[in-house]
Amino acid sequence: MRFIDLFAGLGGFHVALENLGHECVFASEKKEHLAKLYEKNFKIPVNRDITKVEIADIPEFDILCAGFPCQPFSKAGDRLGLEDEKNGNLFDKLVEIIDYHEPDFFILENVRNLKSHDNFNTWKYIKDKLQNKLGYIIDDQILSPHQYGIPQHRERIFIIGSKNGLQHFSWPNRSNSTDSILNFLDVNPTDATQLEDEKISVIQLWQEFISKIPLQDSLPGFPIWSMEFGATYPFEDEIPFRTSSNALGRLKGKFGIPLKGMTREEKFNNLPNYAKKNQLNKETGKPIQFPTWKKHYIRSNRAFYEKYKVELEPVVKRIKELGVSSWQKFEWNVQGGERDLSKYIIQFRGSGVRVKKTDFFPSLVTVSTQIPIISWENRYITPSEGARIQSLNGITLPKNLGSCFGALGNAVNAHVVELIAQKLINGKPEEINIVKNIKETNGHKINSNKTSELDYERIE
């Protein structure tokens, strides 16, 4: 069958559909460097602006594939949805293309937050267009690669549609078994970016921190916000912004800094960033309290520090001197695990230094500073390893590390799409050896440090 690939990125839909024997007849990608890569990888010209294309000029096709821009709906974006002037109306362009060409099927992908965005109003709009305006029978499911043998948590919503109904379709069976992350990693690859000395020092500091907690006591399940250690500014019944300057002067800011004798501006400069805002009810304009979850985190951190103050004080003094506020936060997502940070996957995120078990990769994101760290080798994962995680092994990748992981973070997982498309297009269930399928599709050599065997070429 013939398919088109819109908002194509690195070509995850293309890889999936081509693996099933289908032919791409049209592709569109706005970013110039990704469009050039797509043309190099798949030998097909790429349209650069889908909003300006004449719909009648798009070749006839049977399947439409699109991972339409997720920024309007993502928690990491502004969440303006269909009101987003830059990307929000692109869904309507999809509708126009489907309306004109009437393909047999479509497969759409987006962030899971799409469905609940704007109190489900966005989803109601999308369903109305696809079902009532276009007359397609649709279904949707939130799926993640870890449900299909790939050790990556990456929940995305998939929306499928068929002109002739979906009686033949069922979502791919999920697996209870997941391949080892070691089968997606090389051993000390020569092309890996080594972890910066400054970040190694941060990890060592947090290692010292957790080592101070008695072994018989569990490490906190809530995020550690060290700036709350010694703080007494108000948070339960009122927010600091609504507190008089005199009252604040009798209290302590982040890391227990006394606020007495400071100007009001200086006092707020010595509060955590998340405590400075004047939060107002959008409807009434009246001040509101911190959300319940934030109160819980603040309360829990203050109590935790009071309990272990003697043990932690020397380390906290050094954490206070860290130059990046997010490095002063720590997320231990390894409850019950050995307290050795060199055994885990680590990310430096805006929410803090996050420690994860080695059973799953964290979801690849578009922010290049959040590339997962293989702590036992003091390095970041490589582009080729990231491509394996997205089932895109064997394609040309951007040379620039930030651009590469930005594209991988935006990419659709090709293996998940292939399983969906197989069910949707073939119309019959097939037994699949999941792990074998992954390895054959990815075609990589397990635990090889000979990166040349991966046949990766990178260009600007």
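Two strands count as paired here if DSSP finds at least two bridges between them, and the helices (H or I, at least four residues) and strands (E, at least two) are themselves DSSP runs, numbered from the N terminus. With that in hand, select Phe3, which stands opposite Ile63 in β3.

Before going further, note that this is a predicted model, in which local features need pLDDT of at least 70 and side-chain atom pairs count only at pLDDT 80 or more, while totals for chains, interfaces and linings use all residues. Residues are numbered from 1 along each chain as its sequence is written, and side-chain values use heavy atoms, with hydrogens and water left out.

**The whole chain**

Show the protein chain as a cartoon, and 12 helices and 14 strands can be traced. Of its 460 residues, 53% are buried, where buried means under 20% relative accessible area, exposed over 50%, and partly exposed in between (1.4 Å probe, protein chains only). Among contacts (heavy atoms within 4.5 Å) between residues at least 6 apart in sequence, 67% join residues at least 24 apart.

**The sheet around β3**

Next select β3, residues 63-66, and display its side chains: Ile63 and Cys65 point one way, Leu64 and Ala66 point the other way, and all are buried. On one pairing, strand β1 (residues 2-6) runs parallel to β3 over 4 bridges, and Leu64 is the bridge partner of Ile4. Strand β4 (residues 105-111) also pairs with β3 in the parallel sense over 4 bridges, with Ile107 in β4 as the bridge partner of Cys65.

**The cavity**

Rolling a probe the size of a water molecule over the atoms shows where empty space is left. On a 1 Å grid over the protein atoms alone, a cavity is a set of points where a 1.4 Å probe fits but cannot get out, a pocket is an open set with protein on both sides within 12 Å along at least five of seven lines, and lining residues have an atom within 4 Å of a point. Grid points are joined across faces, edges and corners, and a volume is the space filled by probe spheres set on the points.

A search of the whole structure finds 1 cavity of 30 Å³ or more, and the largest cavity has a volume of about 40 Å³. To see its lining, select Leu143, Pro145, Arg154, Arg156, Phe158, Asn413 and Val416. By class the lining has 4 nonpolar, 1 polar and 2 charged residues, with Ala, Val, Leu, Ile, Met, Phe, Trp, Tyr, Cys and Pro counted as nonpolar, Asp, Glu, Lys and Arg as charged, and the others, Gly among them, as polar.

**The second largest pocket**

Move on to the second largest pocket, which has a volume of about 270 Å³. Of the 12 residues that line this pocket, Trp225, Tyr274, Trp293, Lys294 and Lys329 lie nearest its centre. Both α8 (292-319) and β8 (329-333) supply at least two residues of the lining, and α8 gives the most, with 3 residues. The lining divides into 5 nonpolar, 3 polar and 4 charged residues.

Then select the open sheet of 6 strands with the order β7-β8-β10-β9-β11-β12 and mixed pairing. The edge strands here are β7 (224-225) and β12 (379-380), each of which pairs on one side only. Strand β11 (residues 373-374) pairs with β12 in the antiparallel sense over 2 bridges, and Arg379 in β12 is the bridge partner of Ile374.

Finish in the loop between β7 and α6 (245-249), where Glu228 is placed. Glu228 counts as buried because its relative accessibility is 0%. Not counting residues up to four places away in sequence, Glu228 touches Tyr233, Pro272, Tyr274, Ile298, Asn301 and Arg302. Lys252 is 24 residues from Glu228 in sequence and 9.8 Å away in space, C-alpha to C-alpha.
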